[in-house]
Amino acid sequence: MTILRARPAPTLAVVAALAAAGTVTGTALLTSPATAAQGCRVDYTPNQWPGGFTAAVKVSPGDTAVSSWTVTWTYAGDERVTNGWNATVSQSGSTVTARNMSYNGSIAAGGSTEFGVQGTFGSSGGAPTGFSLNDVPCNGAGPTPTTAPPTTVPPTTTPPTSAPPTTTPPTSEPPVGCAGAVLCDGFETQTGSTPSGDWAVVNPDCSGAGTATIDTTTTHSGSRAVRINGAAGYCNHVFIRSTKNLGGVGSVRYGRIWVRHTTAQPTEHTTMMAMVDAADGDKDLRLGGQNGALQWNRASDDATLPEQSPAGVAQSVSLPTNRWACVEFLVDGAAGQLRTWLDGTAVTGLTADGVPTHDIDGQWYNRTWRPQLTDLKLGWESYGGGADTLWYDDVALGASRIGC
């Protein structure tokens, strides 16, 4: 599923299950800039679980720009759209109509925009048909597979994990897909049960029941990952901190972290990643959760992204449980901006774009923010209830986007 940074954004239920699982594509002909252009496409990418679904819809008008757009399609089953974002969406019978918002009606030739829908179904749910763009039919190819990992509701049993290799793991080659990152580590060089070498176990503020160990039974790739046993209650803080010199990353910092955890995020505030900000009194910039969804938090003034109003939290996402998830982030210190992706999809509520927006980054920009990040810590802090077991693997940090 794709969620754009434009407003408004989906409810919390919309984004609870984020990975895409299929695409429907269409083509059509041009009549005028207000209609669809030659080669237009409507790409419908759904994510479905028992009784519900979300879908990202990409609108590409083709060879000629449009100044406004209306997309329609028909469901074959008993799907009912209950919500939408980046479009005004309605349904009559089995036909859905989506119209542009004021900020995304104009699409340049060769360009595209995206919107999303949330819905439910009873006995059936399938691929929609009959796509049109500005009343021009888009009758193209059938479903096209996507490379994104499928996601459903959390499994009722523990999924299988990678078995230890029968041969000695490599000690020099970094994990695949680091794109020249300054830090690139799949933990394959770890030889003991406690993280060491390029990582040090630290307990900010105070230590307690939390632990950090090297695990060979649950990994994203290779034969090793870091396991964090995160205990509930304040003073159980435990992290692994990179000992590498991260000065080469610069003011624009991209990160990629594969993470897996077992327990849904609690209402209470938690942290799973922290970075010291030298421009903010060496206080941490923290990524964690509150009110059941991911959030960024500034330790210096406790500002949150998004704001912890119901409307703000609804524009974030819950970190899925019992599967590996790819979390990416960008912190641009020069521009004072922050962006976040989950499984390759941008998260509206975790985006500070430089323009204060109520319920999202209005509180974040209550003062000038120009971060200078100096380290990277992965682990667990709980400020109330909320124990969790987490694994981290294939961690990368660099000056350009690394990807999943």
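Biologist: To which residue does a disulfide join Cys326?

Modeller: A disulfide is a pair of cysteine sulfur atoms within 2.5 Å. Here a disulfide joins Cys326 to Cys404, with an S to S distance of 2.0 Å. Before we proceed, note that this is a predicted model, in which local features need pLDDT of at least 70 and side-chain atom pairs count only at pLDDT 80 or more, whereas totals for chains, interfaces and linings use all residues. Residues are numbered from 1 along each chain as its sequence is written, and side-chain values use heavy atoms, with hydrogens and water left out.

Biologist: Which parts does the pair of Cys326 and Cys404 tie together?

Modeller: Helices (H or I, at least four residues) and strands (E, at least two) are DSSP runs, numbered from the N terminus. Cys326 lies in strand β20 (residues 325–332) and Cys404 in the segment after β24 (388–398), so the pair ties together parts that are 78 residues apart in sequence. The link of Cys326 and Cys404 is left-handed, with -90° about the S-S bond.

Biologist: How many disulfides does a search of the whole structure find?

Modeller: The search finds two disulfides. Besides the link already described, Cys178 is joined to Cys184, with 1.7 Å from S to S. The torsion about the S-S bond of Cys178 and Cys184 is about 70°, so this disulfide is right-handed. Cys178 and Cys184 are both buried.

Biologist: How is a pair of aromatic rings described?

Modeller: Such a pair is described by the distance of the centres and the angle of the planes. Rings of Phe, Tyr and Trp (its six-membered ring) pair if their centres lie within 6.5 Å; planes under 30 degrees apart count as stacked, over 60 as edge-to-face and the rest as tilted. The structure holds 10 aromatic pairs. In one of them, the rings of Trp73 and Tyr75 have centres 6.2 Å apart and planes at 85°, so the pair is edge-to-face. Trp73 is buried, with a relative accessible area of 0%, and Tyr75 is buried at 3%. Trp364 and Trp369 also form an edge-to-face pair, 5.4 Å centre to centre with 75° between the planes.

Biologist: Which residues do ring pairs link into a cluster?

Modeller: The cluster consists of Tyr44, Trp69, Trp73, Tyr75, Phe115 and Phe131.

Biologist: Which charged end sits over the ring of Trp364?

Modeller: A charge sits over a ring if NZ of Lys or CZ of Arg is within 6 Å of the ring centre and within 35 degrees of the ring normal. The charged end of Arg298 meets this rule at Trp364, 4.5 Å from the ring centre. Arg401 likewise lies over the face of Trp341, at 4.1 Å from the ring centre.

Biologist: With which residues is Trp364 in contact, leaving aside its neighbours within four places in sequence?

Modeller: Contact means heavy atoms within 4.5 Å. The partners of Trp364 are Leu285, Trp296, Asn297, Arg298, Ala303, Thr304, Leu305, Leu338, Ala352 and Trp369.

Biologist: Which residues touch the most other members of the largest nonpolar core?

Modeller: A nonpolar core is a set of buried Ala, Val, Leu, Ile, Met, Phe, Trp, Tyr and Cys residues joined through side-chain atoms within 4.5 Å. In the largest core, of 45 residues, they are Met273, Leu285, Trp296, Leu338, Trp364, Leu376 and Leu378. Another core, of 23 residues, lies apart from it, with Tyr75, Val96, Phe121 and Leu133 among its members.

Biologist: Let us turn to the backbone. Where does Pro306 lie?

Modeller: Pro306 is in the loop between β19 (304–305) and α1 (310–313). The peptide bond from Leu305 to Pro306 is cis, with omega near 0°.

Biologist: What is the phi of Phe187, and what is that of Asp302?

Modeller: Phi of Phe187 is near 65°, a positive value in a residue other than glycine. Phe187 is placed in the loop between β10 (183–185) and β11 (199–202), and at 0% relative accessibility Phe187 is buried. Asp302, also not a glycine, has a positive phi of about 65°. Its loop runs between β18 (293–298) and β19, and Asp302 is partly exposed at 44% relative accessibility.

How values were computed
Buried < 20%, exposed > 50% of the residue type's maximum accessible area, 1.4 Å probe, protein only.
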